[in-house]
Amino acid sequence: MSSTVAAPKGLQDVVANESSICFIDGAKGILSYRGIDIHELAQKSTFEETTYLLWNGALPTSGDLATFTSHLAAARVLSDDVVSFLHRLPKTASPMEVLRTTVSLLSLYDEDERSDSHEANMRKSFRLTSQIPMIVAVFDRIRKGKEVVQADPSLSHAANFLWMLNGGCPSDTATKALDVALVLHADHELNASTFAARVIAATLSDMHSAITGAIGALKGPLHGGANEAVMHMLYNIEKTGEDPVDFVRNMLATKQKISGFGHRVYTTEDPRATHLRRMSEDLGKDANPKWYEMSRKIELFVKQEKKLNANVDFYSASTYTTLGIDIDLFTPIFALSRISGWCAHVIEQHDDNRLIRPRAEYTGPAYPAPYIPITDRK
Ligand SMILES: CC(C)(COP(=O)(O)OP(=O)(O)OC[C@H]1O[C@@H](n2cnc3c(N)ncnc32)[C@H](O)[C@@H]1OP(=O)(O)O)[C@@H](O)C(=O)NCCC(=O)NCCS
């Protein structure tokens, strides 16, 4: 008989470890980084400042922030080998798979590859945070047959990504919208990809291995991949010319899940969705309101029919599309924000480590099962 206690399926509501990084109250719709409410951070902070907060536990002084920002900008370096690797990849490869594979490759060129000290992890965090957007932008340029754009250290994290992606100076509106989206996505406690990163780090494996695993977890449509699935649905609705509500009603009738709805932790509105809904609406007013309007109809219907709330991914889709970003870059953009949270968690794990090794409730044949010689097997 097993002495273990069966955990709920999918580890729902299981508290797996202590962390001082992110606090969520799913019933009240509260999300905070180091205790500071996400609504306040979304309105007042920047990705750089939020990342400082996540890594250091407190908001920076203006001097601290200037130093931190210049370290991030100075870390915008990809070795020639990495760029030529990106050139050799199939142009049809999915950017998320390219990102996962290239982050793994980065460790071979990282000068701190053999150290997992706190200081080495901090240096790796700066590099990874700056390199991930570069990989996404450089691969996108290469696959479109365009020239690679060099990083601009004078630009913010968000602006530099848009600059390297589009090869032109980004508008203040686009930069601000992306920066807010990056703040909103930066951390989310023990979500699937962060948990994956911590499990890997807890074996005392290195940060690049942990982040590679996290990117693999983020890619799935039940996690970060949902933002791309939402946009595919919106495009499908447009293509068929069907009414959005009828389209979604049919999905529900055929027991399909609607991407961008539901959450394991929030039982009320996902506080990140509040901001993304507003951004989608505001950006739509200036450009094309159709994606916001379609999304809003779907949201109201799903809420009424299934009592499900839109999550962070639902309005990210229309927001990014209105900013002119390709669908298959949506989840990589999630990664280029969440890298800050992943790094904070890997550092926290390594700083006070214990192997993460849960148990399974065994449901196989009763022990001891007979070993039947191969000649007697039917
Ligand atoms: C996020 C998610 C994976 C959470 O999953 P979970 O906590 O395991 O919840 P479940 O999948 O068990 O769903 C519970 C119930 O709500 C329903 N449900 C949950 N999300 C749904 C959705 N997006 N569309 C339709 N029904 C949904 C399930 O069908 C299930 O109903 P049932 O009890 O009648 O079978 C889930 O809501 C989902 O798949 N959402 C779509 C993908 C997505 O947007 N992911 C990004 C999350 S930020």
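## Domains

The chain is assigned two domains: domain 1 covers 22-222 + 328-351 and domain 2 covers 226-322. These bounds come from an automatic or database domain assignment. The C-alpha centres of domain 1 and domain 2 are 25 Å apart. In the contact between them (heavy atoms within 4.5 Å), domain 1 supplies 29 residues and domain 2 supplies 23 residues.

## Basis of the model

The model is predicted: local features need pLDDT of at least 70, side-chain atom pairs count only at pLDDT 80 or more, and totals for chains, interfaces and linings use all residues. Residues are numbered from 1 along each chain as its sequence is written, and side-chain values use heavy atoms, with hydrogens and water left out.

## Ligand surroundings

There are 17 residues around the ligand, and Lys257, Ile258, Gly260, Phe261 and Arg264 come nearest.

## Polar contacts and burial

Polar contacts here are pairs of N or O atoms within 3.5 Å. A polar side-chain atom of Lys257 is 2.4 Å from a ligand oxygen atom. The side chain of Asn311 places an N or O atom 2.9 Å from an oxygen atom of the ligand. At Leu222, a polar backbone atom lies 3.0 Å from a ligand nitrogen atom. The ligand taken alone exposes 850 Å², of which the protein buries 63% (Shrake-Rupley method, 1.4 Å probe).

Notes. Near = heavy atom within 4 Å. Polar contact = N/O pair within 3.5 Å; in protein donor to acceptor, adjacent residues only side chain to side chain.
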